[in-house]
Amino acid sequence: MGTMNVWNTKQAKAYEYKVSVNEELLKKASGKKISMFIQHNKSKVDPKRVGFSAVVTVEGRYTAIEISGISYDGSINRSHIRAFLIAVETLYHFVKTTDLVLYIGNHFLYKILKYDWALNWLRNGFLRQDGYPVMNQDLMQPLAKILYANEFVTCIKEMKDFRTSYNRFIEQDY
């Protein structure tokens with residue numbers, strides 16, 4: 001197994017994050033089963049701080065990407081979307097085709113992906129059915145473009161408890 005390298009660190013006004021990548025593993029991951037787990041952790045001390053994380057595994061056993069970050073706008077939905085965007089952009093920097101299974105701990109992001117809301121918003125100019133603009137458009141536009149350009153998500157599962165879902169996943173035999 002290759003070493004975990006810091007591939008990208010970004011700091012912006014609304015959030016900051018760190019990405020660790022096992023490049024050797026990802027170079028061999030094309031065509032293999034890849035799973036992505038996305039979760040958040042709301043701060044009890046400062047309600048405007050929301051931690052987010054994503055773990056990407058190959059073949060259910062090997063960690064290829066680890067993302068940890070913090071959002072300063074207090075939005076759990078935005079934190080989940082950021083974690084997903086960062087993880088997918090990092091994954092597709094190395095792997096172009098794969099079967100990707102998503103485990104998502106946020107009902108809003110789950111519905112966006114499961115029911116193709118982002119693609120529908122892209123088609124209708126990011127307007128809701130009632131004609132008002134979609135909230136979080138700054139994140140929805142890149143999300144829709146990624147989903148539109150890549151038919152890579154093969155299965156989406158909503159998880160209520162990250163630790164339980166992740167541990168059950170790791171214990172499965174492949």
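**Helix packing and aromatic rings**

Colleague: At what angle do helix H2 and H5 pack?

Modeller: Helix H2 (residues 76–94) and H5 pack at about 35°, and their axes are 10 Å apart. Axes are lines fitted to C-alpha atoms, for helices over the stretch in contact, and angles run from 0 to 180 degrees between N-to-C directions. Helices (H or I, at least four residues) and strands (E, at least two) are DSSP runs, numbered from the N terminus. Bear in mind that this is a predicted model: local features need pLDDT of at least 70, side-chain atom pairs count only at pLDDT 80 or more, and totals for chains, interfaces and linings use all residues. Residues are numbered from 1 along each chain as its sequence is written, and side-chain values use heavy atoms, with hydrogens and water left out.

Colleague: Left-handed or right-handed, where H2 passes H5?

Modeller: The crossing of H2 and H5 is left-handed. That term applies if the near helix is turned anticlockwise from the far one by less than a right angle; clockwise is right-handed.

Colleague: Which residues of H2 and H5 meet?

Modeller: From H2, Arg-78, Ile-81, Arg-82, Phe-84, Leu-85, Val-88 and Glu-89. From H5, Asp-138, Leu-139, Met-140, Pro-142, Leu-143, Ile-146 and Leu-147. Contact means heavy atoms within 4.5 Å. The residues of this contact divide into 10 nonpolar, no polar and four charged. Ala, Val, Leu, Ile, Met, Phe, Trp, Tyr, Cys and Pro count as nonpolar, Asp, Glu, Lys and Arg as charged, and the others, Gly among them, as polar.

Colleague: And H3 with H5, at what angle do their axes cross?

Modeller: Roughly 40°, for helix H3 (residues 107–114) and helix H5 (residues 137–149), with axes that come within 12 Å. H3 and H5 are therefore oblique to each other. On that scale, angles under 35 degrees are roughly parallel, over 145 roughly antiparallel, 65 to 115 roughly perpendicular, and the rest oblique. H3 passes H5 in a right-handed crossing.

Colleague: Which residues of H3 meet H5?

Modeller: Phe-108, Leu-109, Ile-112 and Leu-113 in H3 meet Met-140, Leu-143 and Leu-147 in H5.

Colleague: New topic. How many aromatic pairs are there?

Modeller: The count is four. Rings of Phe, Tyr and Trp (its six-membered ring) pair if their centres lie within 6.5 Å; planes under 30 degrees apart are stacked, over 60 edge-to-face, the rest tilted. Phe-37 and Tyr-103 are stacked, 4.5 Å centre to centre with 10° between the planes. Phe-37 is in strand E3 (residues 33–42) and Tyr-103 in strand E6 (residues 99–104), 66 residues apart.

Colleague: Is Phe-37 buried or exposed?

Modeller: Buried, at 0% relative accessible area. Tyr-103 is buried as well, at 9%. Buried means under 20% relative accessible area, exposed over 50%, partly exposed in between (1.4 Å probe, protein chains only).

Colleague: What about Phe-108 and Trp-117?

Modeller: Those two are edge-to-face, 6.3 Å centre to centre, with 65° between the planes. Phe-108 is partly exposed at 22%, and so is Trp-117 at 27%. Phe-108, Trp-117 and Trp-121 form one aromatic cluster.

Colleague: Where is Asp-116?

Modeller: Asp-116 sits in the loop between H3 and helix H4 (117–123). Its phi is near 55°, a positive value in a residue other than glycine. Phe-126, in the loop between H4 and H5, has a positive phi too, near 60°. Asp-116 is partly exposed at 39%, whereas Phe-126 is buried at 6%.
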